[in-house]
Amino acid sequence: MSHRPPSGLAAVSAALLAMSRPLEVRDVLKTIVASARELLDAEYAALGVPDDHGGFAQFVVDGVSDEQWRAIGPLPRQHGVLAAMLHEARPERLADVRKDPRFEGWPAAHPDMSDFLGLPIRDGDATLGALFLANKRCPKPEGSCGFTAEDEELLSILAQHAAIALTNARLYERSRELTIAEERSRLAHELHDAVSQKLFSLRLTAQAATALIDRDPVRAKGELHQVAALAAEAVDELRAAVVELRPAALDEDGLVATLRTQIQVLDRAHTARVTFTGKGVRALPAAQEEALLRVSQEALHNALRHSGAAHVDVTLTRHGNGTRLRITDDGGGFDPEATRQAGRHLGLVSMRDRASGVGGRLTVESAPGKGTTIEMEIPGG
């Protein structure tokens with residue numbers, strides 16, 4: 001009977017503990033893949049989550065660089081060996097995946113793979129995903145598989161825990177979404193009631209002033225003063241509501257974590273690759289964090305909806321004595337001056353207002369066919 005070294009047991013324990021933390025689904029997928037690759041000492045690892053249209057809704061890799069991943073291209077389809085774990089619900093352990101008759105459709109830029117181990121991640125009768133490993137780092141005779149039956153058994157245990165972790169992560173995300181939806185519904189109701197009452201009073205007072213303007217100017221003047229007071233109250237009500245509508249995640253998780261989570265969601269929802277890097281940024285005043293978040297949301301909306309970009313990159317870093325947010329896309333670009341003269345703002349006015357409102361500045365660099373870069377710099381951080 002073979003014995004796994006103590007480091008193997010420690011790796012199993014670390015993997016299971018990592019997966020047991022309350023994480024977003026994307027983070028759980030990455031944790032599973034990294035844990036499996038480290039645990040079985042493989043060169044490459046991947047985890048695919050199927051969609052309802054014959055492809056993968058998500059596909060997370062470990063051991064492949066960002067440059068390689070971009071060169072590989074779109075998410076793989078459910079074909080060949082990858083389909084086996086999703087549709088046949090059984091493990092696959094191969095000495096050389098390239099010689100398998102089902103081997104097909106692998107992009108030219110895909111890393112070279114030989115021995116292969118894959119199995120489904122299942123919850124009852126449902127297949128949640130498929131876990132793949134390739135190129136075990138060990139001496140192996142030509143034509144033999146480095147992955148052993150013991151490796152398959154260990155990966156099967158990991159997959160069982162992965163199913164639990166994935167299910168918990170989805171429940172966690174659903175719970176957060178429901179909480180946010182309930183809170184927004186409550187605020188919308190309160191905002192409607194408060195502002196509707198103020199606007200109703202404003203309307204009646206303005207009508208009274210109009211009726212009095214000719215026959216009793218003094219009273220009309222008093223009514224107009226009341227209109228001004230009611231308008232100020234309405235503005236205060238709106239301001240209070242907007243402050244309360246500050247994204248809850250900012251208060252709970254901070255700007256970097258909130259941006260990372262939102263960008264992961266966008267990456268899953270769009271065909272464009274959306275990436276985020278956050279380095280060395282300390283906590284900022286609430287107004288600055290919200291301004292940075294809102295500018296990034298507006299810029300991402302433009303890039304994903306209008307630019308036709310294949311890749312959008314967001315970075316948040318310390319820059320001198322301040323903080324810099326940069327959103328870059330490789331889309332069609334535009335002429336900022338022509339856009340301004342044509343009266344089309346693409347949200348640039350509101351983004352500049354947000355930046356200047358917290359002591360920062362916003363710059364836009366773009367040209368037709370050259371993509372777009374939007375930068376916001378603020379003091380502090």
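Predicted model: local features only at pLDDT ≥ 70, side-chain atom pairs only at ≥ 80, totals over all residues.
Me: Which residue forms a salt bridge with Asp96?

Reply: Start with the general idea. Side chains of opposite charge can pair when their charged atoms come close. Here the partner is Arg98, and the closest N and O atoms are 2.9 Å apart. Arg98 has a relative accessible area of 37%, so Arg98 is partly exposed.

Me: How many salt bridges does the count come to?

Reply: The count is 13. One of them pairs Arg137 with Asp41, with 3.5 Å between the closest N and O atoms.

Me: Which parts does that pair tie together?

Reply: Look up where each residue sits. Arg137 is in the loop between β5 (126-136) and α5 (149-212), and Asp41 is in the loop between α2 (25-40) and β1 (42-50), so the bridge ties together parts 96 residues apart in sequence. Then check accessibility. Arg137 is partly exposed at 44% relative accessible area. Asp41 is partly exposed too, at 35%.

Me: Where do the side chains of Arg361 and Glu377 meet, and at what N to O distance?

Reply: They meet in a salt bridge of 3.9 Å, N to O. Glu377 is buried, with a relative accessible area of 18%.

Me: Which residues do salt bridges that share partners join into one network?

Reply: Follow the shared partners. Arg324, Arg326, Arg361, Glu375 and Glu377 are joined into one network.

Me: How many bridges join β6 to β7, and are the strands parallel or antiparallel?

Reply: β6 (residues 273-279) and β7 (residues 311-319) run parallel, joined by seven bridges. Val274 stands opposite Val312 in β7. Between the two strands the chain passes through helix α8 (residues 286-306), and this β-α-β crossover is left-handed.

Me: In which sense do β7 and β8 pair?

Reply: In the antiparallel sense, over eight bridges, with β8 covering residues 322-329. Leu316 faces Leu325 in β8. The two strands form a hairpin with two residues between them. Check the turn: Gly320 has a positive phi of about 60°.

Me: Which residue in β10 is the bridge partner of Asp329?

Reply: Thr372. β8 and β10 (residues 372-379) are antiparallel, with eight bridges.

Me: Back to β6. Is Thr275 buried or exposed?

Reply: Thr275 sits in strand β6. Its relative accessible area is 19%, so Thr275 is buried. Next, list its contacts. Setting aside neighbours within four places in sequence, Thr275 is in contact with Ile263, His311, Val312, Asp313 and Val314. With His311 there is also a side-chain polar contact of 3.1 Å.

Me: In what order do β1, β2, β3, β4 and β5 form their sheet?

Reply: This open sheet runs β2-β1-β5-β4-β3, with antiparallel pairing. Its edge strands, β2 (56-62) and β3 (92-94), each pair on one side only. On average, neighbouring strands are turned by 15° against each other, direction ignored. Six bridges join β1 to β2. Within that pair of strands, Val49 has Gln58 in β2 as its bridge partner.

Me: How many helices and strands does the protein chain come to?

Reply: 10 helices and 10 strands. The chain has 381 residues, and 41% count as buried. For contacts between residues at least 6 apart in sequence, 63% join residues at least 24 apart.

Conventions. Residues numbered from 1 in each chain as written. Heavy atoms only, no water. Pairing = 2+ DSSP bridges. Helix = DSSP H or I, 4+ residues; strand = E, 2+ residues; numbered from the N terminus. Right-handed = clockwise from strand over helix to strand, strands pointing away. Buried < 20%, exposed > 50% of the residue type's maximum accessible area, 1.4 Å probe, protein only. Polar contact = N/O pair within 3.5 Å; in protein donor to acceptor, adjacent residues only side chain to side chain. Contact = heavy atoms within 4.5 Å. Salt bridge = Lys/Arg side-chain N within 4 Å of Asp/Glu carboxyl O. Axes fitted to C-alpha atoms, helices over the stretch in contact; angles between N-to-C directions.
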